[in-house]
Amino acid sequence: MEKQEKILIIGAGLCGSLLALRLAQRGYEIDLVEKRPDLRKTDIAAGRSINLAFSNRGIKAMKLVGLEKKALDICIPMNGRMIHNTESETFLSPYSGLEEEYINSISRTDLNALLLDEAEKMPNVTISFNKDCKKVNLEKGSAEFQDYNTKEKITKTGSIVIGTDGAGSSLRKSMMEDRGFLFSFSQDYLQHGYKELSISADKNGDFQLYKNALHIWPRGENMVIALPNLDGSFTVTLFLSYEEGEYNFKNLTSAEKVEEYFEKFYPDALKLMPTLAEEFFENPTGPLGTVKCSPWHSYGKTLLMGDAAHAIVPFYGQGMNASFEDVVVFDEILDQHNGDWNETFKRYQKERKKDTDAIADLAIDNFHEMKEHTAAPIFQQKRKLETALEEEFPAEYASKYRLVTFQEEIGYQEAMQRGRAQDKAMLKLISDGKISDDISLEEKLKLVKKETENILQSNNLTSF
């Protein structure tokens, strides 16, 4: 606790509150400022992805700040994807061949509240809410805020300013508008949006679907997913095209049309959703976009982290985990360049950007896989083989999903390259009839490894 430098952090969401806690533990004076009300006192989550998939990379970050057990105590384990086909039949596709490898459903609000509570306990942390950042002076390390209630304008300063203020980052906007350096930015939207719905607990407070799974209704171009909550309910998310197809967000304009759509494509879900139409029209339709930018820092005074630097679509369940891993990587680099912020920021971006670009691309891949491929026979055959190989040879084989989700010691870029190569190899071998019941599992592994290496060496790694 010897450091006296003051760090201004804009955005007290998941990444910002974790970062504030970790830097406070290191001894820095932290000024954490959030534009929204205190989520511990006001319900601000309605219609906004209220639960998350919490996995190894995020758990590692919580361990770093001493909160692993507290976080896991408010989780529900999900061992695999429960696929609901068009005949209302279900089958479980495990996430890993190893029982101890699973992801967790966790409330965004509960996790954020836990981090805020712990940060607030630190004597060197100040947290302010309802303060909207209007602009940042990049060279001076100061930011102008406006209080939502009083409309008063406030200027705050720090030795450095870190923007963890999400995909619509005010700090990033100030960097885009600065003419003192070259700043690149892209924001790519899917032609699909999402809407949050729900399945309530039954009259006894029990789950109406299998509790320990992420439920998916894949329907080609669109899909529904559901994640369990501690109170017995499920948070349901509809991913639907804005304008394409027979049913889309643009033409679902009446309760009758919404129920007609669900009756046709998700009849088993509809039976559990008596308030579907009401929720559909009450909750907003959210966009799904990917943000990439460079550089993440300016003048040795400001830095972007989390979604402010690299927002991704939610289909790998890695958005929050990637942002938490940002804090872990930043913490490691602080040990190497302590005191030189410019070098710290440069090294951080060099270490991190290749991996955040990779998980952004993987999330797009998984969108197509989840809505189109999870129910396809060849995909099911591939997953069955992957699971068998992981069960029998866990040290020698890990699927792309396992590399990304459960092997946190491997960067996203490496996981993407090897995982894509393995997927191509396995699908090719299955299609060519070279993987059959006539050969042993060990022989199948040798074939997959050999074909994977051939693909890696040919560098033929575009998504399929």
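This note sets out numbered points on charge pairs, cysteines, backbone geometry and surface charge in a predicted model.

1. Salt bridges overall. The model contains 31 salt bridges.

2. A salt bridge joins K6 to D31, and their closest N and O atoms are 3.8 Å apart. Because K6 belongs to strand β1 (residues 6-10) and D31 to strand β2 (residues 29-33), this pair ties together parts that are 25 residues apart in sequence. The two partners can also be described by their accessibility. K6 is partly exposed, its relative accessible area being 36%, while D31 is buried at 4% relative accessibility.

3. The pair E118 and K70. Here the closest N and O atoms of the salt bridge are 3.0 Å apart. E118 sits in helix α4 (residues 108-120) and K70 in helix α3 (residues 68-72), so the contact ties together parts that lie 48 residues apart in sequence. K70, by contrast, is partly exposed, with a relative accessible area of 41%.

4. The pair E246 and K264. These residues form a salt bridge whose closest N and O atoms are 3.2 Å apart. The pair links distant parts of the chain, 18 residues apart: E246 is in the loop between β16 (234-241) and α6 (255-265), and K264 is in helix α6 itself. E246 counts as exposed at 52% relative accessibility, and K264 counts as partly exposed at 48%.

5. A salt-bridge network. Beyond these pairs, salt bridges link K382, R383, E386, K400 and D423 in a network. A reader examining the charges of this region may wish to view the five residues together.

6. Cysteines. How many disulfides does the model have? The count comes to 0. A disulfide is a covalent bond between the sulfur atoms of two cysteines. For C15, the closest cysteine sulfur is that of C293, at 13 Å, which is too far for a bond because the cut-off for a disulfide is 2.5 Å. Seen from C293, the closest cysteine sulfur is likewise that of C15, 13 Å away and too far for a bond. Both residues are covered: C15 is buried with a relative accessible area of 8%, and C293 is buried with 3%.

7. A cis peptide bond. Which geometry, cis or trans, does the peptide bond from S294 to P295 adopt? The bond is cis, with omega near -5°. P295 lies in the loop between β17 (285-294) and β18 (297-298).

8. Positive phi at S88. S88 is not a glycine, yet its phi is positive, at about 65°. The residue is placed in the loop between β5 (80-84) and β6 (90-94). S88 is partly exposed, with a relative accessible area of 33%.

9. Positive phi at K151. K151, also a residue other than glycine, has a positive phi near 65°. The loop that holds K151 runs between β10 (142-147) and β11 (153-157). At 53% relative accessibility, K151 counts as exposed.

10. Which residues are buried in helix α2 (residues 56-64)? They are R57, G58, I59, A61 and M62. An α-helix has 3.6 residues a turn, so residues three or four places apart point the same way. Just after α2, G66 takes a positive phi of about 80°.

11. A negative surface patch. Six acidic residues, E99, E100, E391, E392, E442 and E443, gather in a patch of negative charge on the surface. The elements contributing two or more residues to this patch are α12 (377-392) and α15 (441-458). E391, for instance, has its place in helix α12.

Methods: Residues are numbered from 1 along each chain as its sequence is written. This is a predicted model: local features need pLDDT of at least 70, side-chain atom pairs count only at pLDDT 80 or more; totals for chains, interfaces and linings use all residues. Side-chain values use heavy atoms; hydrogens and water are left out. Patches are made of residues with over 30% relative accessible area and no salt bridge: like charges are joined within 9 Å, nonpolar side chains (Val, Leu, Ile, Met, Phe, Trp, Tyr) within 5 Å. Accessible areas come from the Shrake-Rupley method with a 1.4 Å probe; for residues, only the protein chains shown count as cover. A salt bridge is a side-chain nitrogen of Lys or Arg within 4 Å of a carboxyl oxygen of Asp or Glu. Lys and Arg count as positive and Asp and Glu as negative; His and the chain ends are not counted. The place of a charge is taken as NZ of Lys, CZ of Arg, CG of Asp or CD of Glu. Helices (H or I, at least four residues) and strands (E, at least two) are DSSP runs, numbered from the N terminus. Buried means under 20% relative accessible area, exposed over 50%, partly exposed in between (1.4 Å probe, protein chains only).
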